[in-house]
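Me: I am learning to read structural descriptions, and I would like to ask where some of the labels come from. Could you take me through them slowly?

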Amino acid sequence: MITTNFHTHTTFCDGKDTPEEMVLAAINKGFSALGFSGHAFFVLDAEISMDAQRQRLYRAEILRLREKYKNEIEIYLGIEQDTWSPPLEYKYDYVIASAHNLLKNGVYCPVDNSAEMMQDNLLRQWGGDQDAYAEDYFAECWHLFDKIPQGDVIGHIDLITKYDELFSIRRSEKYFSMAKSTVEHLAKYGKPFEINTGAIGRGYRTSPYPCAELLFAIKKAGGRIVINSDCHNKDFLDCGFDDAVALARDCGFQSHTILTKDGWREVALP
Ligand SMILES: [Zn+2]
Ligand SMILES: [Zn+2]
């Protein structure tokens with residue numbers, strides 16, 4: 001059983017539950033560690049991301065909980081930084097580096113806001129050319145560590161497949177060639193790629209991402225993985241973890257990466 005999660009959202013950004021409710025749920029589930037990763041500020045998501053002032057409150061609350069529950073669970077203070085977030089003003093235990101938005105023709109296009117918005121942007125800004133859309137998305141991912149040099153985790157690398165079961169981005173040969181070369185490039189940084197089960201808990205998908213083909217590519221490139229639930233609701237803290245472990249094993253992984261008091265460490269998959 002996986003008893004850790006390092007991708008957790010709360011009422012400080014777009015999550016449903018408070019940090020304390022999340023901690024209590026994690027303790028209830030027998031978790032050994034819980035990492036918070038509120039969304040860093042992004043201009044289009046001003047209401048549901050954290051500017052410097054909100055980050056101050058967020059940090060204080062997570063540190064309070066770390067102290068209060070120190071005998072029951074390890075709590076880590078992280079943040080999820082978007083490629084278009086401003087530079088961080090504070091130091092965090094870790095940073096999830098994620099691409100959620102593309103800038104096309106002067107317009108920010110979120111890739112994970114809704115299937116309708118994605119289809120609309122694809123049509124308006126890319127003339128419906130799915131390969132061109134994927135090319136721009138993976139180009140954004142390619143530069144992940146140029147834009148977020150302090151990143152520790154590669155967030156949901158094929159996020160553009162989030163709505164696959166509603167509206168599927170065509171996985172052409174070109175798509176896989178772009179996706180795989182991006183993965184090979186990012187693997188050189190030695191930071192773990194996330195297997196993300198968040199869309200299962202939120203009802204968008206029935207399987208984790210990345211897809212098996214990309215996970216094979218990550219493995220082949222010597223990449224590591226971290227299993228996260230990208231949780232926005234305390235009831236789904238470990239949602240899909242068994243599926244994620246099975247998928248990881250099928251793709252040749254025997255271990256996953258977790259954050260410990262001594263930093264990121266490889267541990268055997270359950
Ligand atoms: Zn994200
Ligand atoms: Zn997230």
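What follows is a short exchange about the labels used for this chain.

Reply: Please keep in mind that this is a predicted model, in which local features need pLDDT of at least 70 and side-chain atom pairs count only at pLDDT 80 or more, while totals for chains, interfaces and linings use all residues. Residues are numbered from 1 along each chain as its sequence is written, and chains are lettered from A and ligands numbered from 1 in the order in which they are written.

Me: Why is L44 called partly exposed?

Reply: L44 has 15 other C-beta atoms within 10 Å, and a residue is buried at 20 or more such atoms, exposed at 12 or fewer and partly exposed in between, with C-beta atoms placed from the backbone, so L44 is partly exposed.

Me: What does L44 touch, not counting residues up to four places away in sequence?

Reply: L44 touches Y108 and P110, where contact asks for C-beta atoms, placed from the backbone, within 7 Å. L44 and Y108 are 64 residues apart in sequence, yet their C-alpha atoms are 7.9 Å apart in space.

Me: How do you know that strand β5 pairs with strand β6?

Reply: Pairing needs at least two bridges found by DSSP, and four join β5 (residues 101-104) to β6 (residues 107-110), so these antiparallel strands pair. Within β6, Y108 is the bridge partner of L103. Strands here are DSSP runs of E with at least two residues, numbered from the N terminus.

How values were computed. Two residues are in contact if their C-beta atoms, placed from the backbone, lie within 7 Å.
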